Amino acid sequence: MCYASFGHLTLRFVVLCRYKRAVLGYTGEENLNSVQSLFGGMTAGCCSVLGNNPIDTIKTRMQGTQAAQYKGTMDCVMQTVRNEGLAGFYKGALARMGRVVPGQGVLFMTYEKITQLVEAAIMKNKAEKRH
């Protein structure tokens, strides 16, 4: 399967799920606490920037005002490597992390808390129906 088909949101959820499994396996707890969820989301955001920045860099260059200098996508990739090395794929990544990482931390912390509240409400409802 091609990595590009995953997309940044899928990558974030995959990282968060693996993070959650690892933390819960280590702590023995049933749920992540808010701080753990925050760090899980921030980790997922960081991974998504690192994973997707090369693709976004090529896309941006192919759509930008200098797009005519490239014969196609592979030519853009090759020129980037030749002229800038692998670091060329990560131009702007630090600024993007400054936006994505905290936002994903808050998003996933909220997601985890809402999920826990909904699950608790469902379990309470089921218990009340049994009695």
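Predicted model: local features only at pLDDT ≥ 70, side-chain atom pairs only at ≥ 80, totals over all residues.
Confidence comes first. The chain has a mean pLDDT of 91, with 95% of its residues at 70 or more. Residues 1–5 are another story, with pLDDT below 50, and beyond near neighbours in sequence this stretch has six contacts in the model.

Now for the helices. Helix α3 covers residues 73–84, and its 12 residues reach 16 Å from the first C-alpha to the last, close to the 16 Å expected. D75, C76, V77, Q79 and T80 are its buried residues, and they pack against α2 (34–63). As for α2, a side-chain oxygen of N33 reaches to within 3.0 Å of the backbone nitrogen of V35 at the helix start. Further along, α2 bends by about 45° at N52, and the proline P54 follows within four residues.

Then there are the aromatic rings, which make three pairs. F13 and F108 sit with ring centres 5.1 Å apart and planes at 90°, so they count as edge-to-face. This pair links distant parts of the chain, as F13 is in helix α1 and F108 is in helix α4 (residues 93–130), 95 residues apart. F108 is buried, at 1% relative accessibility, whereas F13 is partly exposed at 36%. F13 also pairs edge-to-face with Y111, with centres 5.6 Å apart and planes at 80°. Together, F13, F108 and Y111 form one aromatic cluster.

Terms used. Residues numbered from 1 in each chain as written. Heavy atoms only, no water. Helix = DSSP H or I, 4+ residues; strand = E, 2+ residues; numbered from the N terminus. Expected span 1.5 Å × (residues − 1). Buried < 20%, exposed > 50% of the residue type's maximum accessible area, 1.4 Å probe, protein only. Contact = heavy atoms within 4.5 Å. Bend = angle between axes of the 7 residues up to and from the residue. Polar contact = N/O pair within 3.5 Å; in protein donor to acceptor, adjacent residues only side chain to side chain. pLDDT = per-residue confidence, 0-100. Phe/Tyr/Trp six-rings, centres within 6.5 Å; stacked < 30°, edge-to-face > 60°.
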